[in-house]
Protein chains: 2
Amino acid sequence: MELNKILETCLYAENLDETEHFYSEILGLKLIRKEEDRHLFFRCGDSMLLIFNPKHTSEVQTYVNDRPIPLHGATGSVHLAFSVDQKEFKEWKKRLKNKNIEIESSVKWPGGLKSIYFRDPAGNSLEIIESGMWNIEY
Amino acid sequence: MELNKILETCLYAENLDETEHFYSEILGLKLIRKEEDRHLFFRCGDSMLLIFNPKHTSEVQTYVNDRPIPLHGATGSVHLAFSVDQKEFKEWKKRLKNKNIEIESSVKWPGGLKSIYFRDPAGNSLEIIESGMWNIEY
């Protein structure tokens, strides 16, 4: 019996309007659900990226069928890495540049795979990395 | 060109010893990398769960081949959901109970799928959910 699937990865952002624009228009993720001032849920392949307003989710108790959804919420900068095919990696670099997103750092890992790092509007630290890291095949 | 793979999902915890015990022994994830007082990297299926000490990663600049890894780090409670086969869901509930992990809430979603919520030692909000949520097949 093994936990072998992360279904929901979360980030936190107080300004969901600029966050929605960034993840939809700049990164091209598909918005699946939205609750004004509380959350944005994006599909990302076979998992979900959930972005919550921590001022809401850490303070306002919500319920599903009368059962409480535990409070959560973080401040600061959360890290997240997307993986892309090596042939698409250069295109992402170009795309971010064209959209005026600053590449904060570019890294070449031991073994030769490359990463770029940039920030979402809330300051979360995003990475796009060439596929093959961690010897994970998919 | 699509971002369709979240490779690295992150949580933050200051006490990495109790965190390592929890994720290795209670949740059974495989530890891949460890840097004392900085991070624990766990494999989870075809992705990675990275747990960082935010006091380190938000303050201490690290480098790979002379290139900076951008600072990051969050405080508060980050949410994360694992998905498991429906037949294993009940077993996880039992396992957590046997390990004296408090189930903070149990939820039945519209459509019938069930979730349990519990906390890691740092207070992050973890969820185990029966597979099928978000109409994601895998």
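Q: Two strands pair if DSSP finds at least two bridges between them. Which residue stands opposite Ser125(B) in S11(B)?
A: This is a predicted model, in which local features need pLDDT of at least 70 and side-chain atom pairs count only at pLDDT 80 or more, while totals for chains, interfaces and linings use all residues. Residues are numbered from 1 along each chain as its sequence is written, chains are lettered from A and ligands numbered from 1 in the order in which they are written, and side-chain values use heavy atoms, with hydrogens and water left out. Strands (E, at least two residues) and helices (H or I, at least four) are DSSP runs numbered from the N terminus, and five bridges join strand S10 (residues 114-119) of chain B to S11(B) in an antiparallel arrangement. Opposite Ser125(B) in S11(B) stands Arg119(B).

Q: In the hairpin of S10(B) and S11(B), which residue takes a positive phi?
A: The hairpin has five residues between its strands. A positive phi near 95° is taken by Gly123(B).

Q: Which residue of S11(B) is the bridge partner of Ser83(B)?
A: Strand S8 (residues 79-84) of chain B is joined to S11(B) by six bridges, and the two run parallel. Within S11(B), the partner of Ser83(B) is Ile129(B).

Q: How many residues of strand S11 (residues 125-130) of chain B are buried?
A: Buried means under 20% relative accessible area, exposed over 50% and partly exposed in between (1.4 Å probe, protein chains only). In a regular strand, side chains alternate between the two faces of the sheet. One side of S11(B) holds Ser125(B), Glu127(B) and Ile129(B), the other Leu126(B), Ile128(B) and Glu130(B), and both faces are covered. The number of buried residues in S11(B) is six of six.

Q: What is the relative accessibility of Ser125(A)?
A: Ser125(A) is found in strand S11 of chain A. Its contacts (heavy atoms within 4.5 Å), leaving aside neighbours within four places in sequence, include Tyr117(A), Phe118(A) and Arg119(A) from chain A and Pro70(B), Leu71(B) and His72(B) from chain B. Ser125(A) counts as buried because its relative accessibility is 1%.

Q: What distance separates the C-alpha atoms of Glu25(A) and Lys99(A)?
A: Glu25(A) sits in helix H1 (residues 16-26) of chain A and is partly exposed, at 47% relative accessibility. Beyond its neighbours within four places in sequence, Glu25(A) is in contact with Glu20(A), Arg95(A) and Lys99(A). Glu25(A) and Lys99(A) are 74 residues apart along the chain, and their C-alpha atoms are separated by 9.4 Å.

Q: What is the volume of the largest pocket?
A: On a 1 Å grid over the protein atoms alone, a pocket is an open set of points where a 1.4 Å probe fits, with protein on both sides within 12 Å along at least five of seven lines; lining residues have an atom within 4 Å of a point. The lining has 27 residues, with Arg33(A), Phe41(A), Trp109(B), Met133(B) and Trp134(B) nearest the centre, and by class it has 14 nonpolar, seven polar and six charged residues. Nonpolar here covers Ala, Val, Leu, Ile, Met, Phe, Trp, Tyr, Cys and Pro, charged covers Asp, Glu, Lys and Arg, and the others, Gly among them, are polar. With grid points joined across faces, edges and corners, and volume taken as the space filled by probe spheres set on the points, the largest pocket has about 630 Å³.

Q: Which element gives the largest share of the lining of the second largest pocket?
A: This pocket has a volume of about 490 Å³, and the closest of its 26 lining residues to the centre are Trp109(A), Trp134(A), Arg33(B), Phe41(B) and Val64(B). The lining divides into 13 nonpolar, eight polar and five charged residues. The largest share is three residues, from S5(B).

Q: Which helix holds both Lys94(B) and Glu91(B)?
A: The side chains of these residues meet in a salt bridge of 3.4 Å, N to O, and Glu91(B) is partly exposed at 35%. Three residues, about one turn of the helix, separate Lys94(B) and Glu91(B), and both lie in chain B in helix H3 (residues 86-98).

Conventions
Salt bridge = Lys/Arg side-chain N within 4 Å of Asp/Glu carboxyl O.
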